[in-house]
Amino acid sequence: MANRIITLCYRKVIDSTATKPWDKLVFEDSYNEFKMQAQLYNQGKKYRTFAELLQNEPNAEKLHYLVSAAVIGYLQQLNEIIPDILNNLGKHFLKFEKFQFEIINSDLQDKTKHQVAFNFYTPPLVWHDTIQNYLLVSEKETGAGEILTNLFQLQAYLNIHSIHSEV
Amino acid sequence: MERKHFLKSLLLGAFTTPVLLSACNNDADTVSPSEDTSGTGTVTNPGSSSSSCTVAPTETEGPFPTKAPASYVRSDITDGRTGYKMTAKLTIGNTNNSCAGLANAIVDIWHCDADGNYSEYGGSGMQSTNLQSVHFLRGRQVTDANGLVTFTSIFPGWYSGRATHIHVHIYNASGKSLKVTQIAFPEGTGSALSLVNGYNKGMSGYTYNSRDNVFSDDSAGVQIATVTGNTTDEFDLAIKLNVAA
């Protein structure tokens, strides 16, 4: 039987309601960097929100990337472990190989409108089975014989990003 | 060419006067937004702590996050990009203070690599977790008491339609934009530009300063840096940029 190989994407949204220390640091520093970098595309100081900048200055799309420099240090502190998502033992188990940082909304005069997200992408996983609303997965690179698996629940902001079959 | 002659021609070719760049953003107030950003359809309640019936985290807490500066904050911005080493010394002066050095100004620079490419997102926008070189050839420094910042980088390459240049964004200590500008390079025989000769590309199709859409109006050459040095050791770029602070 063919193995189903999947990658997962967890989208971690961070906004002004953040309470955890890591989330709050990301929120503060990404907002400050946004205010600095946005000035590049707002020389006339005509725009106030990220949406307005995007609509009127096509190059403002680069702000996702430019602001990401403010959060690189925090990503490194994660040691390539995806936060928040737990297996059924209550442990973090997903690694990430790739990420994408995005600004969802922001406002140069209203910090509470600032909202960003990390999209974390896992390496390939083998999807063995589905038990109620739990998925049973294992890391792809395992030898013959017994395979260690993780059971985790389907939940909001967690998506199967890609799938392919492998004989 | 004789070294002495080369150095002399560099000095002659690269004579610059201090730049006078004054801010002129006198536009009145900002336009108030006509709509709420929350109208873009994004979720306002991130779901990691939703009411789903999952187990709570049961792990030792940590690692504890620590405050981390933006990855721009460094003096050496090379990040493994190959090219002729270049040290760039930018002095920021304050036109409201007889162009004396402006301390504690934040200075961002960025430029392209030897092939003419900038660090930025590719097609999918995904970055690998090898985060070391995501923002290559981009850097941020804060000026010292004399208004000086120093970056270690490589001599920039070029791309179609533009003369070789370095982007500069100068902020005051609290992050308010004071000036966005670009630095041009001296041209002609014996200049660093002709010695580097466009790296692997050569100079065929190069846009010289006089035809560049940013520098062509700079007939006085105030945006042109002084560039000394050689291809064996390094090039040294120096320029003074004055802003109203």
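Mentor: Helices (H or I, at least four residues) and strands (E, at least two) are DSSP runs, numbered from the N terminus. The model is predicted: local features need pLDDT of at least 70, side-chain atom pairs count only at pLDDT 80 or more, and totals for chains, interfaces and linings use all residues. Residues are numbered from 1 along each chain as its sequence is written, while chains are lettered from A and ligands numbered from 1 in the order in which they are written.

Trainee: Where does K45(A) lie in terms of those elements?

Mentor: K45(A) belongs to the loop between α1 (21-38) and α2 (50-56) of chain A. Its phi is positive, about 55 degrees, although K45(A) is not a glycine.

Trainee: Why is K45(A) called partly exposed?

Mentor: A residue is buried if 20 or more other C-beta atoms, placed from the backbone, lie within 10 Å of its own, exposed if 12 or fewer, and partly exposed in between. K45(A) has 16 other C-beta atoms within 10 Å, and therefore counts as partly exposed.

Trainee: What makes N104(B) partly exposed?

Mentor: N104(B) has 14 C-beta neighbours inside 10 Å, so the term partly exposed applies. N104(B) sits in the loop between β2 (100-101) and β3 (106-110) of chain B, and its phi, near 65 degrees, is a positive value in a residue other than glycine.

Trainee: What is the secondary structure of chain A?

Mentor: Chain A has four helices and seven strands, in the sequence pattern β-α-α-α-α-β-β-β-β-β-β. Of its 167 residues, 40% count as buried.

Trainee: How do you know that strand β2 of chain A and β4(B) pair?

Mentor: Two strands pair if DSSP finds at least two bridges between them. Strand β2 (residues 98-105) of chain A and β4(B) are joined over two bridges, in the antiparallel sense. F99(A) stands opposite Q127(B) in β4(B).

Trainee: How many residues of chain B are in contact with chain A, and what counts as contact?

Mentor: Two residues are in contact if their C-beta atoms, placed from the backbone, lie within 7 Å. By that criterion, 43 residues of chain B are in contact with 51 residues of chain A. On the side of chain B that touches chain A, the elements giving two or more residues are β4 (127-128), β7 (165-171) and β8 (177-184) of chain B.
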